Amino acid sequence: MTLSRRQWLSLLAAGGCSSVGVSPLLFAAEQKGAHVLAPKRTHHSPRARQLVMIFLTGGYSHVDTFDPKPALKAKHGEPFPAVGLRPEEARKQPLLGSPFEFEQCGESGLWISELFPHLKTVADDLFVIRSMHTDIVEHFQATLAMHTGSATIPLPSVGAWLSYGLGTYNPNLPSYVVLAEHLPYAGSQVWDSNFLPPIHQGVRILPGNDPIADVKSPALSMTLAELEAEMLREVNRWHAQTRPGDENLLARSASFESARGLMEIAPDIFDVTNESSFIRSGYGIADGDTTSIAWQCLMARRLIEQGVRTIEIIDSGSSNNWDAHGNMDDHRPMAKRADQPIAMLIRDLKQRGLLDDVLIAVCTEFGRTPWTDSPTGKGRNHYAKAFTCLLAGAGIEGGRTYGATDEFGSSIIENPCHVHDYHATILNLLGIDHTRLTYHFAGRNYRLTDVYGNVIPL
Amino acid sequence: MANSHFPLFVTAVAVAICPCALQAEEKSELASQAWTILHERCYSCHGPKVQEADFRLDSRKAATHSAVIPGNSQASELIHRLKSNDPEQVMPPQGERLSEDEISLIGRWIDAGAPWPESTAHVSSEDHWAWKRRQDVKPPDTVNLSLLSSPVDSFVQHTLENVKRSLSGEADRRILYRRLSFDLVGLPPTHAEMESYLSDHSEDAFERAVDRLLASPAYGERWGRHWMDLVRYSDTAGDNADYPIPEVQRYRDYIIDSFNKDKPYDTFVIEQLAGDIVASNQPDEHFAERVVATGFVALSRRYATAPFELMHLTIEDTIDTTGRTFLGLTLRCARCHDHKFDPITMDDYYGLYGIFASTRYPYAGSEEFQSKNLPRTGFVPILPPDQANLSLEAYRQKIAGLDEDVARRQKEIEACKDEQQKKRMETELAPVRTALNRQRRLGSPPELDVAYAVWDDKPIDHPILQHGEPSEPGVVARRRAPKFLAGDEPLAISGPHSGRLELAEWIASPTNPLTARVMVNRIWQHHFGQGFVRTSSNFGILGQPPTHPDLLDWLSNEFVEQGWSVKALHRLIVGSATWRQTSDPTGLDDPLLGRYPRRRLDAESIRDSILLVAQNLDQRIPERHPFPDISDWHWTQHNPFKTVFPSQYRSVYLMRQRIQRHPFLVLFDAPDANVSTDVRTNSIVPQQALFLMNSSFMQEQSTAFATRLMQFSAEEPDRIAHGIESTWFRPATPDEIMRGLDYLRRFRREAVRSGLSEPEAERAAYSSFARVLLTSNEFFYLD
């Protein structure tokens, strides 16, 4: 049995706690506002309550996906004063026309390339930001920046900030779940809580049979596990008797109850076989598949229903990703993996009436050069000066674009949107003023957007 | 829009990590909001005109005298009164209560250090207590003398008497000995140690126990680890591929040795900043350790894929870590602008920058080690140059010879017309080329021991970088220590040196107002969970003022007078009645130190204790980490180095990385090795419980502990009693033994029902009982 977010909310409101695996203790604590992850008040009325961030690793090319540039095709092969990965690599490079056809889709006429036949069908739900830019054009630094706002020193991730600022709806699940089969660039730093309390740290779910570390009891039977649990409760009670009022001791005892709640509900949540074959095939999940991005997208929907605040999907790791230096055709298999599941996630949430309350952010670390990576190459190098990210859900009117690049996709000519602006916008949609969500650490206040960030109009 | 708006490459790395401006604005905003509430709701009874109960809130001094503990709202009586449900206690006593928002604002204001509107606006940074010379203080008189056992206590008791309180009595001997053991060596006492302490009834039993623990090698492992938090110790470099540094563990061992030898702290400081210069000025038997000590500088964070890419950020890390660790100063802010609060200028920052820009850092590898076949560079031989040079020269010649050989053969191959012959020659050349690469990549002769350390480079004064940007050099800053502390004169740098030695000597000087205080505060922090100054790496204006300024100065004076001996300081502290008090039942933080604070064990102590109780802890010093052979390294940002080496050595010896954290250690709040950490967090999260209940580590250790119990005695009650004594360090009560017997019986019966044989069920029952003991609060918390 799973509960929709609305059901969760109504449960919370009613003070009930009869549902699957909800520990009475934590629930009671949450009612009093004592649990650190209990939902918190927003700064303003939110447009969305939960976030699904879909990070496509390696830097997908803006000019081959959502930012069509006919001029590139027209001037294909002509040298262009290119600026590459490092200053010393600046040299004239031939422009590279996109090998993919673009088409206007939906009622809105949004341009989408042939890489995404399924996303074309939800074009009217997509808000396309064509004027993204970032600071450092290395995977590692840019990935860190897209997640934490900092390209150099590790800082708390966007999901950790949301957990800290907003709490979560389901006390038995982590507030920030990361679905990642492979480690991305910069590794676990991208979902780390850093100086924020570790309870806000992203918990990586490894698609597969053991999604959460140590969530399976080695006990022979439930009875034995319960016996042991009761014994631990008892010895902690003895200890607490002479130390009344020590909240740390109580909290630590409670954390075992919370862990047991997680152990109880986890198997159910991660088992997608109880979804209808219509849904599973809609996402493109083959029988027995527990690792693909299709599985991840379906899991994201299930976790949304469970009340998890932030779910992040990372589609690929630090190799075999969108980093198409050699040939843009290498985008095809990457797009094929991601296209259908993402489109289905949008559709599935919509049909359940959840899309208005969930923000979906599809992003990458940087774009790719409008010119080739080498004089005779068919691929593109990294590019920080312009790239494209998407937003969907949260009641945002789709089928629109924001910002624009020049005829080659090499410079932004309208409404630039820095990574800090993207973050400010995400926080804003979730009801947070990014300038006011701060944490005092090492002598000063920190925030996700440093001293920058402007919310883009939606 | 013009291209120039989009900084291409590194530029906006000035994305400063330092919005002091924001800080200032927010803080004064918070201050004025809080003041408004206090003014409207409290001043009619506790203000300038009326002072009910002799209590006023209308100045920072008055407010922080008792009701407000800056930085700690939880412990501040003001918050308790505002929140209280007790009609006798709640404030305001009549009329509307403060709203939740108002109370939370007051809480945030206290946590932010309780800044006062005027004082924030007009703070005179020259007058800040921490820059002033230490006071020559004497222990104050107290009313109650019976409780005191050291001058330390006079200070604490005096403060307590001011609020009509007093030190608590001495804790039980078992509790005390367990506390002492964790404090000094990070391990629980063994059964035998505890017994021998308890049976020693002589006057000086405690002092001798202290001496025994301080003399144990485990002491350095414990206190060395505290230091490793500060110097962001890591076994990898932190570049995008996180290259390992096999040699850096010499620096780890140097730290541990230094604590064990009770190396005078001033020497310890000088060696870490400038040991290489001291060593080459007078090469003697300490040459190796002095060179190794500069691992402190060498370990500065590396970035990206090329050698020394973003070097200005690597030096920023050196400066920041130096400032925080030794001086309690946040120097980083001044990279892009003058410090907004402390009188640290950009000129000061780049005065220090020049010193480190005149220093050669080692290169441990990064992506371009792989992609461009670059060698490691800058590792420093641990032999004096006259002895190392021979070997270095031979190595250079060998490489040159191999180079020549390869080039010659390559030419021959190119000239060769016969395809078959060509192929054969190529096959022959391949191993030579591989041998060359192996030799070259090492960066130093394999037979020569080297350290990840620094060495003086060509001395330069560095220009100030406007906005912290390497692309915007301004006027040159002379190399020197911060002006507001060191005065106008630049460092008198002798000879063609970087100035690190002179900087180090200035820091380690007995008259430096910060150095001794900062270290004393750290040592106090690790004995009591918190320092007098809560922000132990920030003694600046934004840091928190000390709870016991006189005691801090008195201890700092003692520290310097006793030859900067850390062990002498431990003796002073643990010998005090203050340290030997009972802990408070409620576990509440008590800044006045009227009771001992209960503490959770830290990550290393948790792991080491579990292993020790299970008799699986290997207390030897391990060999080198089993990194692959350097010539086989191939890591890139696409395939970074990431691994965990399992071991049963003490946790201080676990291999730690910068890009990924050790899975066990991160679970229990061990620090991020990218930045200097002064105070660890102390989290309680369900993932810890999952690990403790279900992990294979816990299965193994509880099984081993069960075996120990079953071997201890044939009698079930004795086994239970022994289990409790081994984990809780007190005798079991008869009730507990009864309950244990009952538990084992029920567990066995149920296990047999689940299909186990009698002996299997017996073992399972004891393992379960062992796990309960090892995961209990009583095992995890120190009274």
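A polar contact is a pair of N or O atoms within 3.5 Å; within protein, one atom must be able to donate a hydrogen and the other to accept it, and residues adjacent in sequence count only if both atoms are side-chain atoms. The legends below describe a predicted model, in which local features need pLDDT of at least 70 and side-chain atom pairs count only at pLDDT 80 or more, whereas totals for chains, interfaces and linings use all residues. Residues are numbered from 1 along each chain as its sequence is written, chains are lettered from A and ligands numbered from 1 in the order in which they are written, and side-chain values use heavy atoms, with hydrogens and water left out.

**Figure 1. The interface of chain B and chain A.** Across this interface, 20 residue pairs are in polar contact, both residues being at pLDDT 80 or more. Several helices of chain B, namely α1 (20-41), α16 (311-327), α28, α31 (734-753), α32 (758-775) and α33 (777-780), each supply at least two residues of the side that touches chain A. Of these, α28(B) gives the most, with 8 residues. Helices (H or I, at least four residues) and strands (E, at least two) are DSSP runs, numbered from the N terminus. Contact, meaning heavy atoms within 4.5 Å, takes in 85 residues from chain B and 91 residues from chain A. The size of an interface is often given as the accessible area lost when the parts come together. The buried area here, that is, the accessible area (1.4 Å probe) lost by the two parts on being put together and summed over both, is about 7600 Å², and carbon and sulfur atoms give 59% of it. Between chain B and chain A there are 5 salt bridges, a salt bridge being a side-chain nitrogen of Lys or Arg within 4 Å of a carboxyl oxygen of Asp or Glu. Arg598(B) and Asp246(A) meet through their side chains in a salt bridge (2.5 Å, N to O).

Figure 2. Asn674(B) counts as buried because its relative accessibility is 4%; buried means under 20% relative accessible area, exposed over 50%, and partly exposed in between (1.4 Å probe, protein chains only). The side chain of Asn674(B) makes a polar contact with that of Asp672(B) at 2.7 Å, and a polar atom of the Asn674(B) side chain lies 3.1 Å from the backbone oxygen of Arg658(B). Apart from neighbours within four places in sequence, Asn674(B) is in contact with residues of both chains, namely Pro154(A), Gln189(A), Arg232(B), Arg301(B) and Arg658(B).

Figure 3. The 14 residues of α10(A) (residues 293-306) should span 20 Å at 1.5 Å a residue, and the end C-alpha atoms are 19 Å apart, which agrees. The expected span is 1.5 Å times one less than the number of residues in the helix. The helix is mostly covered, with 14 of its 14 residues buried. Just after the helix, Gly307(A) takes a positive phi of about 95 degrees.

**Figure 4. Helix α25 of chain B.** In α25(B) (residues 566-574), 8 of the 9 residues are buried. Among them are Val566(B), Leu569(B), His570(B) and Ile573(B). Ser565(B) caps the N-terminal end of α25(B), where a side-chain oxygen lies 3.0 Å from the backbone nitrogen of Ala568(B).

**Figure 5. Salt bridges within the chains.** The structure holds 86 salt bridges over all chains. In chain A, the side chains of Glu257(A) and Arg260(A) meet in one of them (3.3 Å, N to O). Both residues lie in helix α8 (residues 247-270) of chain A, 3 residues apart, about one turn of the helix, and both Glu257(A) and Arg260(A) are buried. A network of salt bridges links Glu226(A), Glu230(A), Arg233(A), Arg237(A), Glu257(A) and Arg260(A). In chain B, Asp136(B) and Lys138(B) meet in a salt bridge (3.8 Å, N to O) between their side chains. Asp136(B) counts as exposed because its relative accessibility is 66%, and Lys138(B) counts as exposed at 60%.
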